[in-house]
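Here is a briefing on one protein model.

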Amino acid sequence: MAKYLGIGGGRTALDIGCGDGALARYLHEHLGYRTTGIDCAPTAVALAADQHADVEGLRFQLLDFATGDLHELPCSSYALITCRLAYKFIGDKPRFLDRVRHLLTPGGMVWVVAEPADRLEGAAIARGLTRTEVEELTTGRPTVHVEDLDRLICFRLDS
């Protein structure tokens, strides 16, 4: 992941929809970001905090990024904002992306990881990004890097 996201060097990172906290921990421990993971599910935040309690400085917080007060976050801006397997489930994607942009530091990046709907079958298709959603995510961005990892597709949106 360092190849895609770079070394943190103590810069701030925000993991939106952190779930069990695995990505937040990786960013914090292996890439050197000062990371906060947020999720709107109390059970996810409790699980993440419990599983990673041994990691000094790694934070987890209950916050609905789409509707919550962003002033409750520990930092006013972030060098890296990640959203792994959660973007599909955000209702108002343009508003979400606008909120993300306001939190990015100059030169910061957004890393969105998703499953492409056209590679899924049956009921699983509902959890994948459609071509329209991919266009909404990437259109009008100054720089977009796409990494195709077979079952997952990763979008790096640079500010």
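Tyr 78 stands opposite Leu 104 in β5. Strand β4 (residues 78-84) runs parallel to β5, and 6 bridges join the pair. Two strands count as paired if DSSP finds at least two bridges between them. This is a predicted model: local features need pLDDT of at least 70, side-chain atom pairs count only at pLDDT 80 or more, and totals for chains, interfaces and linings use all residues. Residues are numbered from 1 along each chain as its sequence is written, and side-chain values use heavy atoms, with hydrogens and water left out.

- Helices (H or I, at least four residues) and strands (E, at least two) are DSSP runs, numbered from the N terminus.
- Together, β4, helix α4 (residues 93-103) and β5 make a right-handed β-α-β unit; with the strands pointing away from the viewer, the path from the first strand over the helix to the second runs clockwise.
- Strand β7 (residues 152-158) pairs with β5 in the antiparallel sense, over 6 bridges.
- Met 109 has Asp 158 in β7 as its bridge partner.

**Pockets**

- A pocket is an open set of points on a 1 Å grid over the protein atoms alone, where a 1.4 Å probe fits, with protein on both sides within 12 Å along at least five of seven lines; lining residues have an atom within 4 Å of a point.
- The largest pocket has a volume of about 250 Å³ (the space filled by probe spheres set on the points, which are joined across faces, edges and corners).
- Its lining has 14 residues, and Ile 16, Cys 40, Asp 64, Ala 86 and Ile 90 are the closest to its centre.
- By class, the lining of the largest pocket has 10 nonpolar, 2 polar and 2 charged residues (Ala, Val, Leu, Ile, Met, Phe, Trp, Tyr, Cys and Pro are nonpolar; Asp, Glu, Lys and Arg are charged; the others, Gly among them, are polar).
- The second largest pocket has a volume of about 170 Å³.
- Its lining includes Pro 116, Asp 118, Arg 119, Arg 131, Ile 153 and Phe 155.
- Helix α5 (131-138) and β7 each give two or more residues to the lining of the second largest pocket.
- That lining has 6 nonpolar, 1 polar and 3 charged residues.

**Arg 25**

- Arg 25 lies in helix α2 (residues 22-29).
- Arg 25 is buried, at 19% relative accessible area.
- Beyond four places away in sequence, Arg 25 touches His 30, Gln 51, His 52, Asp 54, Val 55 and Leu 58 (heavy atoms within 4.5 Å).

Key: Buried < 20%, exposed > 50% of the residue type's maximum accessible area, 1.4 Å probe, protein only.
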